[in-house]
Amino acid sequence: MAKYQDIDRLLKDWPYEPGEVLARIAKARDGRDVIQMRVEMGILQMEVNRRPDGQRPNGFDTYYDHLLAEALHAGKEFELTEEQCSEADREFMQYYHRRICWLSLREFHLAARDADHTLAFMDFVAAHCNDEEWIVSHEQYRPFVMFHQVQARALAKLEDDGAEGAIGEINAGLKRFHDLFAKYDAEERYEDDELVRRLEELKESLREHYSVGRTLDEQLADAVAAEQYELAAKLRDQLSRRGA
């Protein structure tokens with residue numbers, strides 16, 4: 001056994017900064033990449049792929065994958081146990097930590113991937129848990145995860161295809177937000193929601209910085225709203241040709 005097992009030197013060389021997400025990619029001894037996050041009294045280390053803690057629950061890449069297999073086997077009668085809910089919480093937290101690290105590192109495709117996982121898992125547990133209080137305690141975080149998803153997808157699109165595509169991603173995300181508010185009969189709160197406002201601000205910032213006017217999708221929506229169906233048909237043709 002090594003004489004000293006503390007991580008004093010690591011902590012000293014990487015000071016903690018309150019309020020900041022401090023993340024980095026590091027090399028493990030076997031040569032694989034790992035992602036590290038500085039927290040107040042230590043360092044979290046996570047795998048870059050599959051489940052962040054590197055475990056393979058019952059041989060599956062994630063606990064969500066394991067539960068999907070369980071549900072498929074059990075059929076319509078499948079219902080989450082208290083222990084399974086607890087294990088789901090562990091995976092939610094792990095993916096949260098890695099997601100905010102990816103955003104800090106500007107690895108937007110990977111941040112979007114992890115947000116997609118969390119939202120799909122949230123849908124699953126909501127469908128298979130009979131504890132309404134537990135479901136509500138998780139659903140309150142859905143807008144926050146959606147915000148990360150839209151932000152990450154838009155900025156990944158900006159890198160890949162440019163500002164117009166990024167604006168399209170934001171508009172699609174805002175529609176999902178509106179649908180969520182409508183689901184809970186809270187449409188009157190949509191425009192004043194902080195996360196919605198932040199996405200609108202990001203969209204207008206991109207529009208201004210990259211000198212992007214109304215996109216074809218936005219022009220089409222405007223034409224339909226104004227019942228200008230001939231113009232709408234022409235815009236649909238342009239969009240179709242663009243996607244060909």
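The model is predicted, so local features need pLDDT of at least 70, side-chain atom pairs count only at pLDDT 80 or more, and totals for chains, interfaces and linings use all residues. Residues are numbered from 1 along each chain as its sequence is written, and side-chain values use heavy atoms, with hydrogens and water left out.

Let's start with the rings. A search of the whole structure turns up six aromatic pairs. Rings of Phe, Tyr and Trp (its six-membered ring) pair if their centres lie within 6.5 Å; planes under 30 degrees apart count as stacked, over 60 as edge-to-face and the rest as tilted. Take tyrosine 96 and phenylalanine 144: this pair is tilted, at 6.4 Å centre to centre with 45° between the planes. It links distant parts of the chain, 48 residues apart, with tyrosine 96 in helix H3 (residues 82-104) and phenylalanine 144 in helix H6 (residues 142-161). Helices here are DSSP runs (H or I, at least four residues), numbered from the N terminus.

Now look at phenylalanine 181 and tyrosine 190. Their ring centres are 5.8 Å apart and their planes meet at 85°, so this pair is edge-to-face. Phenylalanine 181 is buried, with a relative accessible area of 8%, and tyrosine 190 is buried too, at 11%. Buried means under 20% relative accessible area (1.4 Å probe, protein chains only).

Elsewhere, Tyr64, Phe78, Phe92, Phe121 and Phe124 form one aromatic cluster.

Finally, the charges. Arginine 24 lies over the face of tryptophan 14, 3.8 Å from the ring centre. A charge sits over a ring if NZ of Lys or CZ of Arg is within 6 Å of the ring centre and within 35 degrees of the ring normal.

Methods:
Helix = DSSP H or I, 4+ residues; strand = E, 2+ residues; numbered from the N terminus. Buried < 20%, exposed > 50% of the residue type's maximum accessible area, 1.4 Å probe, protein only.
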